[in-house]
There are 2 protein chains.
Amino acid sequence: MLLDDSIVAAIKWDAQGLIPAIVQDARTKQVLMMAWMNADALRKTLETGETVFWSRSRQILWHKGESSGNVQILREMHIDCDADTLLILVDPAGPACHTGETGCFYRTWGQFTGRNFDDI
Amino acid sequence: MLLDDSIVAAIKWDAQGLIPAIVQDARTKQVLMMAWMNADALRKTLETGETVFWSRSRQILWHKGESSGNVQILREMHIDCDADTLLILVDPAGPACHTGETGCFYRTWGQFTGRNFDDI
C-alpha cells in the first residue's frame with residue numbers, strides 16, 4: 001500500500017484537494033510539464049508506475065499517454081519542504097506536450113510577448 | 001514596459017490572480033522550488049532581473065533572498081502551452097530552500113513516506 005491515509009494526511013493538498021506535480025525528464029533534466037494530482041491520481045501513479053493526473057478542465061483522471069502512447073514512466077518522486085508540490089522524474093515515451101513539442105515550456109518569454117528583458 | 005495590459009491579459013491567471021512559477025537552476029538544471037506570482041510579482045521580476053513572488057501565506061510580495069542574500073538572477077523565462085505556468089531559469093546566489101538545502105525538493109518519496117515504489 002503506497003498511499004495510506006497517514007501519507008495522504010501528510011501532504012498539503014490545496015482547497016480543491018489537488019497538488020501540483022512538476023514533471024522532469026530523468027535523463028535530460030528538461031522540465032516537461034506541470035499538471036495536477038488528487039489522491040486518486042497519485043495512488044494510480046504509484047500503483048502503475050506511469051503518471052496519472054487530475055484534469056481540472058475535464059474533471060476526470062487522465063492517464064498521460066493513454067491515447068497518444070506518450071506515457072511517462074516513473075523514475076523518482078520528490079516532495080518539497082512544505083509538502084505542497086511534487087517533482088516527478090520520468091522516462092517519457094514521447095513528447096509531453098499536445099502540440100508535439102518535447103515539453104510544454106517551448107515558448108520563451110520573448111516569443112510569447114515580443115519583449116525581451118532589456119526592453120524596459 | 002515589459003508587462004503591459006495585453007501581456008497580462010494573455011496569461012491565464014488562476015482564480016486568485018496567480019500563476020505558478022517553477023524555478024530551475026540555469027546551469028545544473030536542478031528544479032529548485034515552485035512559488036506563485038501575481039502580476040505585480042511578475043512585473044518586479046522582469047524589472048529587477050531577480051525573482052519576486054507572491055507569498056500566499058503572508059499575502060505580500062516576497063523578493064527572494066531579500067533577507068538571506070540568496071537572490072535568484074533571472075536568465076530565461078518560459079511559459080507553457082496553455083499560458084498558465086511559468087518556468088524560470090536562474091543563477092542562484094545561494095540555497096533556494098529555507099532549510100539551507102540547495103532546492104526545496106530534497107526529500108524523495110521514500111524519505112517522506114518510508115515506502116518505496118516496489119512496496120506495493
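Analyst: Read from the N terminus, the elements of chain A follow the order α-β-β-α-β-β-β-β-β-α, which comes to three helices and seven strands, where helices (H or I, at least four residues) and strands (E, at least two) are DSSP runs numbered from the N terminus. This is a predicted model, in which local features need pLDDT of at least 70 and side-chain atom pairs count only at pLDDT 80 or more, while totals for chains, interfaces and linings use all residues. Residues are numbered from 1 along each chain as its sequence is written, chains are lettered from A and ligands numbered from 1 in the order in which they are written, and side-chain values use heavy atoms, with hydrogens and water left out.

Along the principal axes, the C-alpha atoms of chain A fill a box of roughly 50 × 35 × 30 Å. Of the 120 residues in chain A, 49% are buried, meaning under 20% relative accessible area with a 1.4 Å probe, counting protein chains only.

Turning to the partner, the contact (heavy atoms within 4.5 Å) takes 48 residues from chain A and 48 residues from chain B. Between chain A and chain B, about 4,000 Å² is buried, and carbon and sulfur atoms give 69% of this area; buried area is the accessible area (1.4 Å probe) that two parts lose on being put together, summed over both. F105(A), W109(A) and F117(A) supply 18% of the area that chain A buries against chain B, more than any other three residues. The two chains also share four salt bridges, each a side-chain nitrogen of Lys or Arg within 4 Å of a carboxyl oxygen of Asp or Glu. A salt bridge joins the side chains of D4(A) and R115(B), at 2.8 Å from N to O.

How values were computed:
Buried < 20%, exposed > 50% of the residue type's maximum accessible area, 1.4 Å probe, protein only.
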